[in-house]
Amino acid sequence: MMHMWFWFGNNLGSFFLPGYNVTTTLSFVCTCLGLTALAILYEGMKILQIKMQQNTTMLVQERMTRTSENSFLLYKISSRTVGTQSSLRCISWCTWSFQVFHWFIHTFLGYLLMMAVMTYNAYINIALVLGGCLGYWIFGPKLIELNMVQFYKRQRILECKKECADNTINHQRSGSTVSIVAEQLVTEATVEVHLPRDA
């Protein structure tokens, strides 16, 4: 029976899978404990997701740095550098594949928990909320720490970009001053050459 309001009871009938019938109190308690564990796991997977994103970002930054260096510098391509590049591509491809697989599992788990909530069973909802709270209590400090590390890294990059922009502007100004002085010297030398000797 499909309920459209919160109800109390332990007879869920067929739950998620056709062969999984929750009709006894013991099976209902085990189901609630299993959903609580899945809610804790869902919170813990957020930390792994952030760490994998950081690793992927570092790999992309390394690749971009090497590409920019290689485009500006002329070097002799050897089998060793080609092997290093192919191994880096393989590592980054494996990392990205694992990150996509993790995202799939995390999203699937989220939808699974949402379907459990949609049974409108009060006990199941309480078990899921308690599992989410327990998971946040366990993994929350680490999650906050990782988010703060990302925030400080972005802040440093923005400050570095601002300093680099200021240095570039100052360099351009000093360069333009030098070019103006150089142009004046060239003009004076040209005027001196073209002045008649009688004057």
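1. A residue counts as buried under 20% relative accessible area, as exposed over 50%, and as partly exposed in between. Lysine 46 has a relative accessible area of 25%, so this residue is partly exposed. The structure is a predicted model, and the points below should be read with that in mind.

2. Overall make-up. The protein chain has 3 helices and 2 strands. Of the 199 residues, 22% count as buried. The chain exposes about 15200 Å², and carbon and sulfur atoms supply 68% of that area. Taking contacts between residues at least 6 apart in sequence, 73% join residues at least 24 apart.

3. Nonpolar core. The largest nonpolar core has 13 residues, and those touching the most other members are Leu12, Phe15, Phe28, Leu35, Ala116, Ile124 and Leu128. Two or more residues come from each of helix H1 (25-72), helix H2 (79-117) and helix H3 (122-194). H1 gives the most, with 4 residues.

4. Leucine 12 within that core. Leaving out residues up to four places away in sequence, leucine 12 touches Trp7, Val22, Phe28, Asn121 and Ile124. Two of these partners, Phe28 and Ile124, are also among the core residues that touch the most other members.

5. Surface patch. A nonpolar patch on the surface is formed by Leu48, Phe98, Phe101, Trp103, Phe104, Ile105 and Phe108, with about 740 Å² of accessible area together. H2 supplies the largest share of the patch, 6 residues. Isoleucine 105 is found in helix H2. Patch members need over 30% relative accessible area; isoleucine 105, at 32%, is partly exposed.

6. Histidine 102. Apart from neighbours within four places in sequence, histidine 102 is in contact with Met45, Leu48, Gln49 and Met52. One of these contacts, Leu48, is also a member of the nonpolar surface patch.

7. Salt bridge in H1. The count of salt bridges comes to 2. In one of them, the side chains of lysine 46 and glutamate 43 meet at 3.2 Å, N to O. Both residues lie in helix H1, 3 residues apart, which is about one turn of the helix. Lysine 46 is partly exposed at 25%, whereas glutamate 43 is buried at 12%.

8. The cut-off is within 4 Å. The two residues both lie in helix H3, 3 residues apart, about one turn of the helix. Glutamate 145 is partly exposed at 44% relative accessibility, and lysine 142 is partly exposed at 32%.

9. Cysteine 32 counts as buried, at 11% relative accessibility.

Definitions and conventions:
Residues numbered from 1 in each chain as written. Predicted model: local features only at pLDDT ≥ 70, side-chain atom pairs only at ≥ 80, totals over all residues. Heavy atoms only, no water. Core = buried A, V, L, I, M, F, W, Y, C linked by side-chain atoms within 4.5 Å. Buried < 20%, exposed > 50% of the residue type's maximum accessible area, 1.4 Å probe, protein only. Contact = heavy atoms within 4.5 Å. Patch = residues over 30% accessible without salt bridge, like charges linked within 9 Å, V, L, I, M, F, W, Y side chains within 5 Å. Areas by Shrake-Rupley, 256 points an atom, 1.4 Å probe, with all protein chains shown as cover.
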